[in-house]
Amino acid sequence: ATALPSAIALPSATALPSTTSLPLVPFCTLEGNRIISLMLLGQFFTTVTEHAASCGSAVQLLVESHRYGLASILVCQCLKCKTIFRCHTSDSTTINTHTHYSTNLGAVLGQIATGGGADHLIEQLSCVQVPSLSNTSFIPLERTIGNEFEKMVSKGLLSAGQLEKQLAIEQGNYHQGVPAVTVVVDAGWSKRSHKHSYNAKSGVGVIFGAATKQLLYIGVRNKYCSVCAISEHKSSPVPPHQCYKNWTGSSCAMEADITLEGFRLSEQMHQVRYLWLIGDGDSSVYNAVVTGVPAYGRYMTKVECANHAVKC
């Protein structure tokens with residue numbers, strides 16, 4: 001599990017998120033339900049109660065003045081002195097100088113974790129009468145979270161590599177003066193194809209350090225991009241977009257290509273050599289590494305994975 005940056009409470013309506021991806025909805029009527037932070041609500045109740053006690057009058061909820069996706073600002077007013085009080089329903093999180101409501105980030109993160117999207121979120125929240133994020137608001141937050149994930153993963157890879165290197169040095173495992181380690185490699189595809197129809201459009205390959213059991217490398221190969229496919233079907237120019245299509249070969253060849261890339265980058269990323277490979281019985285992966293890694297491929301030793309050896 002990964003944690004997003006720490007939250008910062010918004011004290012007033014003047015401290016609104018700076019992001020331009022969430023259009024405000026001004027002066028909303030008091031309808032439906034809202035997701036609200038109990039901590040902020042408790043702080044708001046304390047402020048309002050203290051004022052009501054000193055002023056001697058009730059405080060009335062007037063309107064939802066602004067709405068930013070799942071977050072909003074509730075406005076109350078003292079019936080006697082007409083003092084205005086504002087309550088933010090969500091605290092905020094700052095990522096790369098941009099401030100976002102934590103409720104919106106959490107909602108998008110939940111959809112990423114469960115394989116959903118903006119439409120799924122809208123359908124789910126509509127059942128409980130909670131306003132949701134639009135597609136145009138959802139996508140920028142999805143990209144922001146994705147970028148943060150990439151940074152966290154990259155940091156974790158480098159940290160694991162340094163630990164593997166240190167253990168190799170302590171154990172005296174070297175190859176031509178470079179620390180040598182044992183790794184476990186495997187791959188997975190978006191479509192289960194055991195012994196039939198190997199035509200998955202996406203695949204992922206990983207390399208783990210055997211000593212630390214931590215991830216040293218991860219690669220993804222995609223044969224499909226929805227934006228490119230739609231443009232091709234309509235015979236229209238492809239609009240500017242973030243294209244994830246990076247593979248035109250067969251689905252079966254994805255594992256060997258990702259593994260080879262990881263081995264080639266071992267010294268550059270971690271200053272180690274993957275001299276012992278634990279993996280399945282796929283000879284194409286082993287052959288790709290032996291012939292494709294000039295520095296040490298021919299010295300590498302293959303160790304059969306026990307789990308794959310007994311797999312039916």
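Q: How many cavities of 30 Å³ or more does the structure hold?
A: The structure holds one such cavity. A cavity is a set of points on a 1 Å grid over the protein atoms alone where a 1.4 Å probe fits but cannot get out. This is a predicted model, in which local features need pLDDT of at least 70, side-chain atom pairs count only at pLDDT 80 or more, and totals for chains, interfaces and linings use all residues. Residues are numbered from 1 along each chain as its sequence is written, and side-chain values use heavy atoms, with hydrogens and water left out.

Q: Why is C78 called buried?
A: Buried means under 20% relative accessible area, exposed over 50%, and partly exposed in between (1.4 Å probe, protein chains only). C78 has a relative accessible area of 0%, and is therefore buried.

Q: Why does C127 count as exposed?
A: C127 counts as exposed because its relative accessibility is 65%.

Q: How many disulfides does a search of the whole structure find?
A: The search finds zero disulfides, a disulfide being a pair of cysteine sulfur atoms within 2.5 Å. C78 is in no disulfide, and the nearest cysteine sulfur, that of C81, is 3.5 Å away.

Note on methods: 1 Å grid on protein atoms, 1.4 Å probe; cavity = no way out; pocket = protein on both sides within 12 Å on 5 of 7 lines; lining within 4 Å. Points joined across faces, edges and corners; volume = space filled by probe spheres on them.
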